[in-house]
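Dear colleague,

Please find below the structure that I am handing over to you. My notes on it follow directly after.

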Amino acid sequence: MGYHSYLVLSRDNSTIVLKTGQELQQIKDSDFYTNGPTVSVNSVWNESLIVQVEPNRILVLNSNAKKLAEKEIGDDDVWIVSASVLDRFVCVILNLGHLYVYEILETGQVQAVYEFADFVVSAVSLYADKSHQ
């Protein structure tokens with residue numbers, strides 16, 4: 001199992017990534033997207049992969065923060081406003097209210113699973129009920 005600990009701070013026009021440890025240290029030699037805001041950052045596949053959701057892309061990084069894959073979403077008029085990540089699934093809501101569900105494969109590739117574009121969605125949460133295991 002990979003292990004990484006980052007504190008990701010999103011601002012209106014940039015993202016700051018800090019590596020945690022005895023002290024917080026800003027990292028600059030990673031493939032995290034830092035030139036704009038971040039919507040969400042999560043671990044998938046038993047913490048072996050990192051998923052960073054930006055306004056126009058899902059970025060998949062390995063545990064060393066190096067890019068494995070990406071999925072472009074939207075354009076200047078359509079962008080991601082919200083995201084929920086659980087296990088290997090990523091749900092994103094676009095500014096139009098459309099919901100897209102993606103699966104992050106163990107290789108890091110991003111695969112479209114489902115699209116809800118027939119109605120407007122305002123919020124989404126993925127939840128795993130592990131009380132019956």
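**Findings**

In the protein, 38% of the contacts with a separation of 6 or more are between residues 24 or more positions apart, a contact being heavy atoms within 4.5 Å. Please note that this is a predicted model, in which local features need pLDDT of at least 70 and side-chain atom pairs count only at pLDDT 80 or more, while totals for chains, interfaces and linings use all residues. Residues are numbered from 1 along each chain as its sequence is written, and side-chain values use heavy atoms, with hydrogens and water left out.

The protein has 11 strands and 0 helices; these are DSSP runs numbered from the N terminus, with helices being H or I of at least four residues and strands E of at least two. Its C-alpha trace spans about 50 × 45 × 25 Å along the principal axes. Of the 133 residues, 37% count as buried (buried is under 20% relative accessible area, exposed over 50%, partly exposed in between; 1.4 Å probe, protein chains only).

A search of the whole structure gives 4 aromatic pairs. Rings of Phe, Tyr and Trp (its six-membered ring) pair if their centres lie within 6.5 Å, and planes under 30 degrees apart count as stacked, over 60 as edge-to-face and the rest as tilted. Tyr6 and Phe32 are edge-to-face, because their ring centres are 5.2 Å apart and their planes stand at 70 degrees. Tyr6 belongs to strand β1 (residues 6-10) and Phe32 to the loop between β3 (25-26) and β4 (40-44), so this pair ties together parts that are 26 residues apart in sequence. Phe32 is buried, at a relative accessible area of 6%. The pair of Tyr114 and Phe116 is tilted, since the centres are 4.5 Å apart and the planes at 55 degrees. Phe116 is partly exposed, at 28% relative accessibility, and Tyr114, Phe116 and Phe119 form one aromatic cluster.

Finally, Thr107 is found in the loop between β10 (99-104) and β11 (110-116) and counts as exposed, at 54% relative accessibility. A polar atom of the Thr107 side chain lies 3.5 Å from the backbone nitrogen of Gln109.

With kind regards

Terms used: Polar contact = N/O pair within 3.5 Å; in protein donor to acceptor, adjacent residues only side chain to side chain.
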